[in-house]
Structure formats: structure tokens, C-alpha cells
Amino acid sequence: MEIESHRLVKKAIKGNKSAFEKLIQQHYERIYRTAYLYVHNEEDALDVVQEATYQAFTSIHSLKNPEYFMTWLTRIVIRCSGHVLKRKSNVVPLSDEIISNLPGQANSNIEESIQLLNAIQQLRENYRTVIILFYYYDYSIKMISSVMEIPESTVKTYLSRGKAELKKSYKNEEDKCHG
């Protein structure tokens, strides 16, 4: 699969439109989910996917290493998501659809999952990005460093601070419930 994917990336870099299309089809679910984790609604996520796909298509010739295609594409998706969030200042409530699609989430934990996603949504953008890439996509510290173009030590710091803020917001929610 990976060899096939590298072959498609190399073809796409050379300008093969159908190879690029196949790559987007292969990675569509991941691209969409990443966008959704940022923008929190279907319409905006679809806009992000469309814009990111267009930007990737028009600049794929600049990709130097085919093995970093997903890292490169994820970076574009995150950047496009940031642009959509800047254009929209209102916060859209999370839907149940994202909860049911999260890895490892059972239906009985929907309320807890919504609480967690709302807490993640409240994090600073850098902390949120690191938390999403590390926990939802199992990216390594090194991979996150590459995607975000920051040192690995900074990724570790963001991860630590992001987790601390999540714990603090969870504790505050529990205190409200039991207070």
C-alpha cells in the first residue's frame, strides 16, 4: 500500500491529475476528520477539504519528498482550517456525528466525549493542534514537529501544557457538577 502511495505521489508531483485524485480519495476521511476537529461543523470542514485539496493540487510540484505527502497535506489542512476559523468568529456547537467517528469512543461516553472535545476546542491553537495530532492520529513527537514546523521540545511543551489545561478544565467541570 505504501509503495503504491509513493508511486502515486511521484506521478502527482509530475502533474498526473488522476494520480492526485486517487491520493485525495485514499486520504479523504483523514483530511475531513482533521478539518472537522478544527472547525466543528460539516459545511466548514467540507470547505476546508476543498480549499486544502485545491492548494495541494496547485503546489504539489513543490513537494520534495513523496514519503512526507501526508505530513505536507495535513499542514495544508491545518492552515486552511485556521483561515476558516479566523473568518468565522462564532463558535459552532459540536454534533454527535463527530463523537461517533472518534477512535475508541463508545456511545455510552458521548456526553464525556462532547465535554472533552469542547475542552479541546477551548485550548490555544498550538496546544489543540498538538493534542489532536498526538492523541487522535497517533502522530509521533517527531512527526508533529515536522507538521507544525517547530522543534520537538516545543511539541513536548505544548503537549504537556495542553494536557494540564484539559485536566484543569475537567476539574472545574466536575466541581460545578458536584458543587
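**Crossing of H3 and H4**

In this predicted model, helix H3 passes helix H4 in a right-handed crossing. H3 spans residues 42-59 and H4 spans residues 69-87; their axes come within 9 Å and cross at roughly 130°. H3 is therefore oblique to H4.

On the H3 side, the contact is formed by Asp-44, Val-48, Glu-51, Ala-52, Gln-55, Ala-56 and Ser-59. These residues meet Trp-72, Leu-73, Ile-76, Val-77, Arg-79, Cys-80, Ser-81 and Val-84 of H4. By type, the residues of this contact comprise nine nonpolar, three polar and three charged.

**The largest pocket**

The largest pocket has a volume of about 320 Å³. Its lining consists of 16 residues, and those nearest the centre are Glu-2, Ser-5, His-27, Glu-67 and Met-70. Helix H1 (2-13), helix H2 (17-39) and H4 each give two or more residues to this lining. H1 gives the most, with four residues. The lining of the largest pocket divides into eight nonpolar, five polar and three charged residues.

**The second largest pocket**

The second largest pocket has a volume of about 260 Å³. It is lined by 14 residues, of which Ile-78, Arg-79, Glu-125, Asn-126 and Met-148 are the closest to its centre. Arg-79 also belongs to the H4 side of the contact with H3.

Two or more lining residues come from each of H4, helix H7 (125-136) and helix H8 (141-148). H4 gives the most to the lining of this second largest pocket, with six residues. Five nonpolar, four polar and five charged residues make up the lining of the second largest pocket.

Methods. Residues are numbered from 1 along each chain as its sequence is written. This is a predicted model: local features need pLDDT of at least 70, side-chain atom pairs count only at pLDDT 80 or more; totals for chains, interfaces and linings use all residues. Side-chain values use heavy atoms; hydrogens and water are left out. Axes are lines fitted to C-alpha atoms, for helices over the stretch in contact, and angles run from 0 to 180 degrees between N-to-C directions. Angles under 35 degrees count as roughly parallel, over 145 as roughly antiparallel, 65 to 115 as roughly perpendicular and the rest as oblique. A crossing is left-handed if the near helix is turned anticlockwise from the far one by less than a right angle, and right-handed if clockwise. Contact means heavy atoms within 4.5 Å. Ala, Val, Leu, Ile, Met, Phe, Trp, Tyr, Cys and Pro count as nonpolar, Asp, Glu, Lys and Arg as charged, and the others, Gly among them, as polar. On a 1 Å grid over the protein atoms alone, a cavity is a set of points where a 1.4 Å probe fits but cannot get out, and a pocket is an open set with protein on both sides within 12 Å along at least five of seven lines; lining residues have an atom within 4 Å of a point. Grid points are joined across faces, edges and corners, and a volume is the space filled by probe spheres set on the points.
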